[in-house]
Amino acid sequence: MYVRESAVKVGETTHRYVQIVESYREGGRVKQRVLCSLGNKEKLDPAGVDRLLHSLARYGTCLPVPRPTTLRSASETFDPGLGVREDRAFGSVFVLDRLWKDLGLRDLVRSFARERRFGHSLERAIFAMVANRLIEPLSKLSTETWLDREAYLPLDRSLTADDFYATLVWLHEVRQELEVAIHQRLKRQRLTGGTVYFYDTTLSHFEGRGPADLAQITGRKGALRGKRHVLVGLVTTSDGWPVMHHVYPGTTNDLRTFEHTLRQLYDRFGLRDIVIICDRGMHSAKIIKLLEERFEFRYIVATKLRRVKEVDEEVLARAGRYRVVEAGLEVKQVWVDDRRYVVCRSDESAARDQHRRAEILADLAEALGQNGLDPESKKAMKLRTSAYDRFLCVREGRLRINQSAVDRDSRYDGKWVLRTNLRELDPGQIALRYKAESRIERDIRTIKSFVELRPTRHHNEESVDGHVFVCVLALMLYRYLQERLGLWPANRESVEGVLKELGSIRAQELRLGLEAEGPTYAWTRSDLTAGHRELLRRLHVAGLPRNLPEPPRLDPRDVVRTEQRRQRRKKQPRPAPSPDSEVVR
C-alpha cells in the first residue's frame, strides 16, 4: 500500500485528491485499486493526518517522525510523538567492558566467584567499580547513583552500595590467588615477558579516621598534615603491567615493604630468574644481601650518594672517563672488589640540582641575616630540623651557612649511582634499564590522579585493600587501552581524551508516541560519527548494538537509604556565633 495523488480537471481548474492505493497482480499485469480517498489535498487538515498516522502506527513497526521545519516552528505545546526521557554514557562503558572480557578478567573473576553465593554478580560489581574509576571516579555511595542514572550497563539486577562493600571484602579474600592468575594469563597472552620488575610505594590519605591499625599519621614525604595515611606498595613489569600490590600502615619503613614484596614474588608467584629495579629508597646492605643470597635475584638499585660511605668516598672519588649513552646521559663503570657500580651523569639534572641549591642558599641567607642566628632560638631549631641542615654549621656561637658543605654538595650535581649484579649488560644498558624505572613513577601518578586512589573513605582493612585492588585493576585496563591504541608509552591526556570521546556515544531512552496517550519507551544508542568509527576500528571493537535492553532500576528504598547515609556523612557546619554574645578579650 502507498499514498497517491490523482488529478481531476473540472473546466479550467485542476483538483488534486489524496488516495490510499493498493497494488495487485491480475493476469500477469500489475494493477492498482483505491482503498480509501482522503479528500481534496487543499482541504486536508494536517493535525487530522497526524492523528491518523499515529493511530495506524499501532499496527506497524515504524512511527511517524515530524518534519524538521515543523519541529523548528512548533509551539511549546506541540508534541511530535518522539522524545528522550533519559540519556546515559554508553560508548566508554561498552568499550571498557569489551576490553575487560578480551583481557580475560571476566572469566577469571567469574571462575573465582563460582563457589560463592551472593545476591549479586561479583564480577559485574567489580567491573562497575573499575569502569567508574576510569570514567568518573566516585565514592561507592556515589557509584551506586552513577550506575543508576548516568552510565548504561545492562545488569540482571541493580547494584547497591552494600553490594560494592561486600565485593571489596571478597576481593581482599581472593586477592593473592587472583593476582597470580592474572599475571599468568598476561604471560600466556604474551602481553608481557615478565622478566624485569619495578617496585615503588605511594601514600594515600583517609577521609576520616580509617582503620585503627592501618591509618596512621606519618611524616613521610608527600604526607598531608593532620591526615591519616596508608602506604601502598606496587609492583609492575617493565612494560607497564601491574603485577601485585600490598597495603601497609602509613608509618611502615620502605625497606620492610620491599623485603615483604621480594618474599611474595619468590614464594607466591614462583619467580626466579628475574631482574628487580627500584630507587634509592630501597637500598640497604640487608636488602642487597636478600637479593643476592636469599632470593638470588638480579637487580639494579639506586644508591644513596651522601649516606653510603663506600659510594661517597670510593665510587665517586674514582677517576675515569664518562661514555655518552644518549643525548644528555653519560656513564662510567666502577668496581669495588666484586661489587659493580655504574655512575651516571646528566647535564639537565646537574642544572636542576644547581638551581635548587641556589634557591635553598637564598632562603637560608634571608633567614640567617648577616650575623646568623642564635643556635638555641626557635627559628634556628626549625632550620636545623629541615632539609637545610646539611648547609648549616655553628661558627663563633652563631648559626651560619657552611661553605665547605656547599662545595662538597656540588660534587653530586647531576649524578646518580647504580649498584647491580648484572654482568652481561654494559654500563649504558644498565643506565637505560634503570631510566625506564620512571614508568612505574608514571603509573603511580596515574593511579593517584587519574584513577584517584586517594582519598580513601573506608573504615576497615578489608575494604581498604579491596579498594586499592579495584584501582590496580583499573590501571591494568588503562594499560590494555594503551596497548590496543598503540599509545604505549603514552601520556595520561591521550587516554583521557579517548574515554571522553567514547563517552559521547550515548544510550537514550526514547519516547515513542504522544506523551498524553500512554506512549511506549525503548532504549537505543546515538548515531556514530566518523571519529567514533575510526576510534572503534583502532580499538578492534565492533558490534555496538543499536537497540538496547532496559537497564534495571534501583529500588526506591535503596535510594532513600543511600541518601540518608550521604546526609549522615556530611560534615556539619560550625554554628555561627550569636550577635548577642559578648566577646571576652
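**Figure 1. Strands β6 and β7 form a hairpin with four residues between them.** Gly 240, in the turn, has a positive phi of about 90°. You are looking at a predicted model, in which local features need pLDDT of at least 70 and side-chain atom pairs count only at pLDDT 80 or more, while totals for chains, interfaces and linings use all residues. Residues are numbered from 1 along each chain as its sequence is written, and side-chain values use heavy atoms, with hydrogens and water left out. Helices (H or I, at least four residues) and strands (E, at least two) are DSSP runs numbered from the N terminus. Strand β7 covers residues 242-249, and its pairing with β6 is antiparallel, over seven bridges; two strands count as paired if DSSP finds at least two bridges between them. Look for Leu 234, whose bridge partner in β7 is His 245.

**Figure 2. Strand β6 is largely enclosed by the rest of the structure.** Nine of the nine residues of β6 (residues 229-237) are buried, where buried means under 20% relative accessible area, exposed over 50% and partly exposed in between (1.4 Å probe, protein chains only). In a regular strand, side chains alternate between the two faces of the sheet. Which residues of β6 point the one way, and which the other? His 229, Leu 231, Gly 233, Val 235 and Thr 237 point one way, and Val 230, Val 232, Leu 234 and Thr 236 point the other way. Strand β5 (residues 196-205) also pairs with β6 in the antiparallel sense, over nine bridges. Within this pairing, His 205 has His 229 as its bridge partner in β6.

**Figure 3. Here is the largest pocket, with a volume of about 2,600 Å³.** On a 1 Å grid over the protein atoms alone, a pocket is an open set of points with protein on both sides within 12 Å along at least five of seven lines, a cavity is a set of points where a 1.4 Å probe fits but cannot get out, and lining residues have an atom within 4 Å of a point. Points are joined across faces, edges and corners, and the volume is the space filled by probe spheres set on them. The pocket is lined by 50 residues, and those nearest its centre are Lys 221, Asp 279, Arg 280, Gly 281 and Glu 441. Helix α11 (347-368) gives the most to this lining, with seven residues. By class, the lining has 14 nonpolar, 11 polar and 25 charged residues; Ala, Val, Leu, Ile, Met, Phe, Trp, Tyr, Cys and Pro count as nonpolar, Asp, Glu, Lys and Arg as charged, and the others, Gly among them, as polar.

**Figure 4. The largest cavity has a volume of about 80 Å³.** How many cavities of 30 Å³ or more are there? The count comes to four. Residues lining the largest cavity include Arg 88, Glu 144, Leu 153 and Pro 551. Helix α6 (residues 140-149) gives the most to this lining, with three residues. The lining divides into seven nonpolar, one polar and three charged residues.

**Figure 5. Helix α9 has a buried side and a face turned away from it.** In α9 (residues 285-294), Ile 287, Ile 288, Leu 290 and Leu 291 are buried. They cover an arc of only 160° around the axis, which puts them on the same side of α9; the arc is that of the directions from the helix axis to the C-beta atoms. The buried residues pack against α8, β8, β9 and β15, with contact meaning heavy atoms within 4.5 Å. The opposite face carries the exposed residues Ala 285, Lys 286 and Glu 293. Glu 296 follows α9, and its phi is positive, near 55°. At 62% relative accessibility, Glu 296 counts as exposed.

**Figure 6. Four strands form an open sheet in the order β4-β16-β17-β18, with antiparallel pairing.** β4 (82-89) and β18 (547-548) stand at the edges with a single partner strand each, so one side of each is left without a neighbour in the sheet. β16 (residues 506-512) and β17 (residues 520-525) pair over six bridges, and Glu 509 stands opposite Trp 523 in β17.
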